[in-house]
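I opened this model to look up helix packing, ligand contacts and backbone geometry. My entries follow in the order in which I made them.

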Amino acid sequence: MTMNVVSIDSLTKHPGESVTIRGWVYHLRAKGKLAFLVLRDGSGIAQCVFVKSEVDDATFDEAQRLSMESAIEITGEVRLDARAPGGAEIGVRAMKTYQKAAADFPIQPKEHGTGFLMENRHLWLRSRKPWACLRVRDAVIRSIRGFFYERGFVNIDSPIFTPAACEGTSTLFEVEYFDEKAYLTQSGQLYAEAAAMAFGKVFTFGPTFRAEKSKTRRHLTEFWMIEPEVAFAELNDIMDLAEAMLCHIVKSVLAERREELTILERDITKLEKIVPPFPRLSYTDAVDLLKQKGLPFEYGGDLGAPDETAIGENYDRPVMVHRYPHEVKAFYMKRDPQDSRFALCVDVLAPEGYGEIIGGSQREENLDILEGRIADHKLPREAFAWYLDLRRFGSVPHSGFGMGLERCVAWLTGVDHLRECIPFPRMLYRIYP
Ligand code: 4AD
Ligand code: MG
């Protein structure tokens, strides 16, 4: 007879059938002539019930002695049961052991410190909360790609080794590149701009690097960024795009990852409120709001994490703060023609204290002005020669933004530190495992 191998998340589609599932022992409890084994196969968990009289003695004995994380295969009958995790359990008939796990699996069902869990991240991935969080991440990635593909965007991968800075020189990772110096990319934006002039609407989606020397819950040294860039778009257009993208992501996650959000104890009602329109606030209005809230804030400075938290807490959906003073923003941003003290930029601040998840702007399209900016910022002109070419050959207004994937996932899952929103986090003091 051929085996009917199925995944645990599809068990409810096989009531009464004899199926085979393969996975790892998550939990085991033996009681007289019964043993209850919870099997984990990556798609979900299922309770497998061993009754001494229904399996041969050797199988029953072996099952009772299995250690946590032993790899096994189980064949048995699917019984629907609303009380069981996943809605079905297995009445076991046969079992095969692939490997009996060493007895000292470090992650036990008890409280562990985060340092310990991070040191064992390669094994911690198997636990329920990391599993749930990374499945939300996966759904977000898929949702983002779907969003842009439906709208006619082309995915363009930007390089990781780059000759110059995009987001300021203080967070560059320098690497030896044969006889030259190169830097790990901080953002794919400049390349996305080149691609937008070739393909119209593009997005890059890849790893980006920042040598962040601060130890905060919002900073990783390696993170993934999604960056759309659109020819002929102005600031308002990409604010609309960011709003539509975030609503689309929230909708997909609510539709596809409810179980995971429940495992993470996320208050789902908060996510259900994420619908357009998002409040839009100028920097000047945002500063007034901070003053009203009694926060000490010097007009003209950049918003810090506590300021972003305070502004975000005022609303039940993401808030778009636009037109910051140009001094606190990057060299490539266009100034507001209505008031040249400000840059045509936007930061999207998530609610519930999650702070900035998106940064974007309209780009300076004039060659002379941009050359002046590169000089003002003391950036090496040669490294930007190709970027200036974009302003010499058919320059048009264009805009884009970048969203940090982990920042978005942290907000959606309600996890309070970015390190849990990426499989293997890289931070100031962490590069293992
Ligand atoms: O605001 P940032 O620096 O903007 C850019 O890089 C632009 N070039 C994007 C563009 O217009 N195409 O970064 C964008 C986003 C932030 O809003 C934040 O979500 C995330 O990237 N981010 C980080 N995420 C994790 N760890 C860090 N160290 C991050 N730095 C930025
Ligand atoms: Mg920013």
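The notes below go from conventions to helices, then to the ligand and the backbone.

**Conventions.** I am working with a predicted model, in which local features need pLDDT of at least 70, side-chain atom pairs count only at pLDDT 80 or more, and totals for chains, interfaces and linings use all residues. Residues are numbered from 1 along each chain as its sequence is written, chains are lettered from A and ligands numbered from 1 in the order in which they are written, and side-chain values use heavy atoms, with hydrogens and water left out.

**Helix α4 against α6.** I began with α4 (residues 128-150) and α6 (residues 235-256), whose axes are 9 Å apart at an angle of about 135°. Helices here are DSSP runs of H or I with at least four residues, strands are runs of E with at least two, and both are numbered from the N terminus. Axes are lines fitted to C-alpha atoms, for helices over the stretch in contact, and angles run from 0 to 180 degrees between N-to-C directions. The angle makes α4 oblique to α6; under 35 degrees would be roughly parallel, over 145 roughly antiparallel and 65 to 115 roughly perpendicular, with the rest oblique. I noted the crossing of α4 past α6 as right-handed, meaning that the near helix is turned clockwise from the far one by less than a right angle. On the α4 side the contact includes Val 136, Val 140, Ile 144 and Phe 147, and on the α6 side Leu 241, Met 245, Ile 249 and Val 253 are among the residues. Contact means heavy atoms within 4.5 Å. By class, this contact of α4 with α6 has 11 nonpolar, 3 polar and 3 charged residues. For the classes, Ala, Val, Leu, Ile, Met, Phe, Trp, Tyr, Cys and Pro are nonpolar, Asp, Glu, Lys and Arg are charged, and the others, Gly among them, are polar.

**Helix α13 against both.** Next I took α13 (residues 405-413), whose axis comes within 10 Å of that of α4 and crosses it at roughly 120°. That makes α4 oblique to α13, and the crossing is right-handed. Val 136, Val 140 and Ile 144 are among the α4 residues here, and they meet a set in α13 that includes Cys 408 and Leu 412. I then checked α6 and α13: their axes are 12 Å apart and the angle is about 50°. In this contact Leu 246, Ile 249, Val 250 and Val 253 of α6 meet Cys 408, Trp 411 and Leu 412 of α13. The residues divide into 7 nonpolar, no polar and no charged.

**Ligand 1.** Which residues come nearest to ligand 1? Of the 24 around it, I listed Glu 167, Gln 189, Glu 227, Glu 356 and Ile 357; a residue counts as near if one of its heavy atoms lies within 4 Å. Glu 227 has a polar side-chain atom 2.7 Å from a nitrogen atom of ligand 1. For Ser 187 the corresponding entry is 2.9 Å, to a nitrogen atom of ligand 1. A side-chain N or O atom of Arg 210 lies 2.9 Å from an oxygen atom of ligand 1.

**Backbone.** I found a cis peptide bond from Pro 276 to Pro 277, with omega near -5°. Pro 277 sits in the loop between α8 (268-272) and β12 (280-282). Another cis bond joins Tyr 432 and Pro 433, with omega about 0°, and Pro 433 is in the segment after α13. Glu 352, not a glycine, has a positive phi near 60°; Glu 352 lies in the loop between β16 (345-350) and β17 (355-362).

Notes: A polar contact is a pair of N or O atoms within 3.5 Å; within protein, one must be able to donate a hydrogen and the other to accept it, and residues adjacent in sequence count only if both atoms are side-chain atoms.
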